[in-house]
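Hello,

Here is the structure I promised to pass on to you. Have a look at it first, and then read on for what I found in it.

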Amino acid sequence: MHINTPNLHAARQRGFLNNMIIAMLLAGAGVLFGTTAFAADDGIVGDAAAGEAKAAVCAACHGIDGEALQAEFPNLAGQGAGYIAKQLADYKSGERENAIMLGMAAQLSEQDMADLGAYFESQPAIKGIAEDRQDLKLGESIYRGGITDAKIPACMACHGPSGEGNPAAKWPALAGQNSAYITETLNHFRSQARANDPNEMMRNVARRLGDDEIAAIANFLQGLN
Ligand code: HEC
Ligand code: HEC
């Protein structure tokens, strides 16, 4: 049998070049559409497809598409990838204390966290419904305008007019989030049980909120979209 080595080599190189071009085009498309790749500060790029496989263990509580199975668990669908990765790192380091999530995050690498973030961010955000209650207007007015006398800033200044958050700054989206989870986590900021907010940004806000105001905001946010 005769093998024509130079030609085979040339054919391999052509194949290699074609694959390179395809890979570059795909990478370019990922950047353009912003759905498949997410670059963390330290240059780690999240891969949504890899994240989907890794999210199987999260499904029991957060749902396979990021829609939580219980109101006490947060929805993750559509949440910013950088915020998700930060929370996972905070659970792992103990900066955000929660026994369940410590157990989940302890095994994750930075790459896993970025991949999981990219996957859940790529899922369509949940559209929740607010309860038709008297305090809905109070919740909306605090969200949009704060309470000047109590030195409570408008939540929307950081979390966005439609509750979309600020993904680049890792400030979370709140629209459609479960009101039971929002109530609990605001209570935790208020009591300092949750203390992983940079510069005490949220503790400074939450310590000025009363129970009725927290309930009103949480209900309003669940219906915001
Ligand atoms: C057994 C249930 C359970 C499982 C499984 C689970 N979680 Fe959680 N998760 C929770 C609970 C409960 C909280 C809220 C904890 C708290 O109050 O800090 C949470 C919070 C989070 C948060 C913070 C969300 C926010 O809005 O701040 C992220 C991110 C998260 N989980 C990601 C994951 C990922 C990724 C997996 C899979 C690797 C996972 N979770 C598996 C129950 C679970
Ligand atoms: C100065 C900016 C700023 C303002 C104003 C602000 N927040 Fe936040 N908020 C943040 C940041 C940053 C975080 C995330 C902290 C972290 O990294 O865990 C956060 C987190 C939250 C969370 C937790 C979300 C989750 O998924 O766990 C809730 C709920 C929340 N804010 C509600 C509010 C409400 C309600 C108001 C108005 C009364 C408000 N915030 C005003 C910056 C702000």
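**What I found**

A few terms before I go on: helices (H or I, at least four residues) and strands (E, at least two) are DSSP runs, numbered from the N terminus. A residue is buried if 20 or more other C-beta atoms lie within 10 Å of its own, exposed if 12 or fewer, and partly exposed in between, with C-beta atoms placed from the backbone. Two residues are in contact if their C-beta atoms, placed from the backbone, lie within 7 Å.

Please keep in mind that this is a predicted model, in which local features need pLDDT of at least 70 and side-chain atom pairs count only at pLDDT 80 or more, while totals for chains, interfaces and linings use all residues. Residues are numbered from 1 along each chain as its sequence is written, and chains are lettered from A and ligands numbered from 1 in the order in which they are written.

**The chain as a whole**

The secondary structure comes to eleven helices and two strands, and along the sequence the pattern reads α-β-β-α-α-α-α-α-α-α-α-α-α. Of the 225 residues of the chain, 33% count as buried. Among contacts between residues at least 6 apart in sequence, 66% join residues at least 24 apart.

Leaving out residues up to four places away in sequence, I217 touches G139, I142 and Y143. The length of helix 11 fits expectation, because its 13 residues at 1.5 Å a residue should span 18 Å and its end C-alpha atoms are 19 Å apart, which agrees. The expected span here is 1.5 Å times one less than the number of residues in the helix.

Helix 6 also passes this check, since its 13 residues should span 18 Å and its end C-alpha atoms are 18 Å apart. Helix 6 is mostly covered, with ten of its 13 residues buried. Among them are M113, L116, Y119 and F120, along with D115 and E121.

**The nonpolar core**

In soluble globular proteins, nonpolar side chains tend to be buried together. A nonpolar core here is a set of buried Ala, Val, Leu, Ile, Met, Phe, Trp, Tyr and Cys residues joined through C-beta atoms within 7 Å. The largest such core has 38 residues, and those with the most contacts inside it are I84, L88, L116, I217 and L221. Helix 4 (81-93), helix 6 (110-122), helix 7 (136-145), helix 9 (179-191), helix 10 (201-206) and helix 11 (211-223) each supply at least two residues of this core. The core draws at least three residues from each of domain 1 (37-122) and domain 2 (136-223); the domain bounds come from an automatic or database domain assignment.

**The two ligands**

How many residues surround ligand 1? There are 19, and the closest are C58, C61, P74, Q87 and N98. A residue counts as near a molecule if its C-beta atom, placed from the backbone, lies within 6 Å of it. Helix 3 (59-62), helix 4 and helix 5 (99-105) each supply at least two residues of this shell. The shell divides into 14 nonpolar, four polar and one charged. For these classes, Ala, Val, Leu, Ile, Met, Phe, Trp, Tyr, Cys and Pro count as nonpolar, Asp, Glu, Lys and Arg as charged, and the others, Gly among them, as polar.

Ligand 2 is surrounded by 21 residues, the closest being P153, C155, C158, P172 and D197. Helix 8 (156-159), helix 9 and helix 10 each supply at least two residues there. This shell holds 16 nonpolar, three polar and two charged residues.

**Some single residues**

G63 sits in the loop between helix 3 and helix 4, and counts as buried because it has 20 C-beta neighbours inside 10 Å. Leaving aside neighbours within four places in sequence, G63 is in contact with A68 and L69.

K151, in the loop between helix 7 and helix 8, has a positive phi of about 55 degrees although it is not a glycine. K170, in the loop between helix 8 and helix 9, has a positive phi of about 65 degrees and is not a glycine either. K151 counts as exposed, with 10 C-beta neighbours inside 10 Å, whereas K170 counts as partly exposed, with 19.

Best wishes
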